[in-house]
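Have a look at it first, then read on.

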Amino acid sequence: MGLLRAGLCPGLTQDVVQLLRGRGIRTVVDLVSADLEEVAQKCGLSYKAGALQRIQVVHAFDIFQMLDALQDLRSTVAQQVSGSSGTVKVVVVDSVTAVVSPLLGGQQREGLALMMQLAQELKTLARDLGLAVVVTNHMTRERDSGKLKPALGRSWSFVPSTRILLDTGEGAGASGSQRTACLIKSPRLPTGFQETVDIGTWGTLKQSPALQGHPT
Amino acid sequence: MLLEFSARELWAPPCVCETAQSRIALPIMPVTLRNTRDCFSCDILEFHGPEGTGKTEMLYHLTARCILPKSEGGLEVEVLFIDTDYHFDMLRLVTVLEHRLSQSCEEVVKRCLGRFFLVYCSSSIQLLLTLYSLEAMFCGHPSLRLLIVDSLSAFYWIDRVNGGESVNLQESTLKKCSQFLEKLVKEYRLVLFATTQSIMRKTSHLREGPSSAFTHPSDAGVDYRPYLCKAWQQVVKHRIFFSKDDSKTSNQFSLVSRHLKSNNLKKHFFIIGESGVEFCSYVS
């Protein structure tokens, strides 16, 4: 989990991983929090480390930490303070289920209100500040029918403007690194379009034959 | 927002625009509303449905229909769109317009968009204050005939928590909004389309609801449970339920329109293409 290994990002070969390990840098968090100038000099790394430095990782394990982090980000971006890595363009929340699902359930309205407040924060970042906001959510089963559906219920389902369902590839010939991505909600494109991706090589495979007639 | 209007326009009698008014709803909802005689000047319609059932697309369809020039099959009236959940997608509206125009040049699209006004609100108090301040706009724009609120239920949970334990307090802002919307619609002869999201399940064992049961036998086939304040339930004249056929082979949507006083039901089917909503068949 977060351990540096060859192939994690372009240019991170086994040699580089060994070099970093020799300097005591084992995980992604170590690398990002290290003094990269020093590391780059000692290991002979070039721009690749710079790329990793542009990823800012923030830990938020409950809804209040998450809201604080988003509000901090909003004031930072609004004041146009740019760090050494430039301005923020993408916000990834992995996962929103982890902070919101403990709040839901029972007769509590406060949990739902906090969830909608989080939704508003994320939408403000997207709309007013022009950032791309990507969140991950889990799947649960419906109580009566057992069908799979996205978690966090109906109120959350109205929040994202685009939804992509990721699934493990099934069927003959599907290897362990294949995943399918299906567009299930979009403000501009027809839904149902599916693509198979190989997460080992990060290339796309053939389009799903059943949907080849669909416009993209 | 700088509003300019002359005193003459301010006191223009509402009946001047009645012919434009009564023409709006009829072409938009072809068969649905044709049988009722009260012609939809001063009308409030609610779009209700779960996520992904085409409510916002239908609003783009109505907007395009209103702002397009008469030569292209539009009504050349102005539209005010109040967006409460940051859902509005300008690129999508422009795509719909471009597909519906016979010659889609930038000039024509710009002129259409000149008849379109967009307002964002991020809380129910802000919505109420915005409505108060927009009254001057309705006075100054006699061709502003369509008001859209997408969606009215966006602040539901936040309002319920802010109101504490008192249900009246929880609902008070939305109640004032509903009453003021009714006043605006009556005074300026508008048509209001408001969307509400299906955030409540129909089963009775769920969380307590502030409003009393307004269930109706004809709601049985529709996943609807009233949860917004009574004041809103009372001002709505038509409720239109949206749903989507879940089977993978079909991309058809359906809407069921219910006129609340006469209890008339109509069902329509539509698909969503590049140019927006296309009705497929009429069931009378």
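The points below go through the conventions, the interface, the cores, the rings and the backbone.

1. Ground rules. This is a predicted model, so local features need pLDDT of at least 70 and side-chain atom pairs count only at pLDDT 80 or more, while totals for chains, interfaces and linings use all residues. Residues are numbered from 1 along each chain as its sequence is written, chains are lettered from A and ligands numbered from 1 in the order in which they are written, and side-chain values use heavy atoms, with hydrogens and water left out.

2. The interface. Chain A and chain B bury about 2,700 Å² between them, 48% of it on carbon and sulfur atoms (buried area being the accessible area, 1.4 Å probe, that two parts lose on being put together, summed over both). Arg109(A), Arg154(A) and Phe158(A) supply 30% of what chain A buries against chain B, more than any other three residues. The contact involves 23 residues of chain A and 34 residues of chain B (contact means heavy atoms within 4.5 Å).

3. Charges across it. Two salt bridges turn up across the interface of chain A and chain B (a side-chain nitrogen of Lys or Arg within 4 Å of a carboxyl oxygen of Asp or Glu). Arg188(A) and Asp89(B) meet in a salt bridge at 2.7 Å, N to O.

4. Tyr86(B). This residue sits in the loop between strand 2 and helix 4 of chain B (helices, H or I with at least four residues, and strands, E with at least two, are DSSP runs numbered from the N terminus). Is Tyr86(B) buried or exposed? At 15% relative accessibility, Tyr86(B) counts as buried (under 20% relative accessible area; exposed is over 50%, partly exposed in between, with a 1.4 Å probe and protein chains only). Leaving aside neighbours within four places in sequence, Tyr86(B) is in contact with Lys123(A), Thr124(A), Arg127(A), Asp128(A) and Ser122(B).

5. Nonpolar cores. The largest core has 67 residues, and Leu118(A), Leu80(B), Ile82(B), Phe138(B) and Trp232(B) touch the most other members (a core is a set of buried Ala, Val, Leu, Ile, Met, Phe, Trp, Tyr and Cys residues joined through side-chain atoms within 4.5 Å). Helix 7 (residues 109–128) of chain A gives the most to this core, with nine residues.

6. Aromatic rings. Searching the whole structure gives 14 aromatic pairs over all chains (Phe, Tyr and Trp rings, the six-membered one for Trp, with centres within 6.5 Å; planes under 30 degrees apart are stacked, over 60 edge-to-face, the rest tilted). Phe88(B) and Phe116(B) have ring centres 5.4 Å apart and planes at 25 degrees, so the pair is stacked. The two are 28 residues apart, with Phe116(B) in strand 3 (residues 116–120) of chain B. Phe88(B) is buried at 2% relative accessible area, and Phe116(B) is buried at 8%.

7. Please check two cis peptide bonds: Asp94(A) to Ser95(A), with omega about -10 degrees, and Asp150(B) to Ser151(B), with omega about -5 degrees. Leu152(A) has a positive phi near 75 degrees without being glycine, and is buried at 10% relative accessibility. Arg189(B), also not a glycine, has a positive phi of about 55 degrees.
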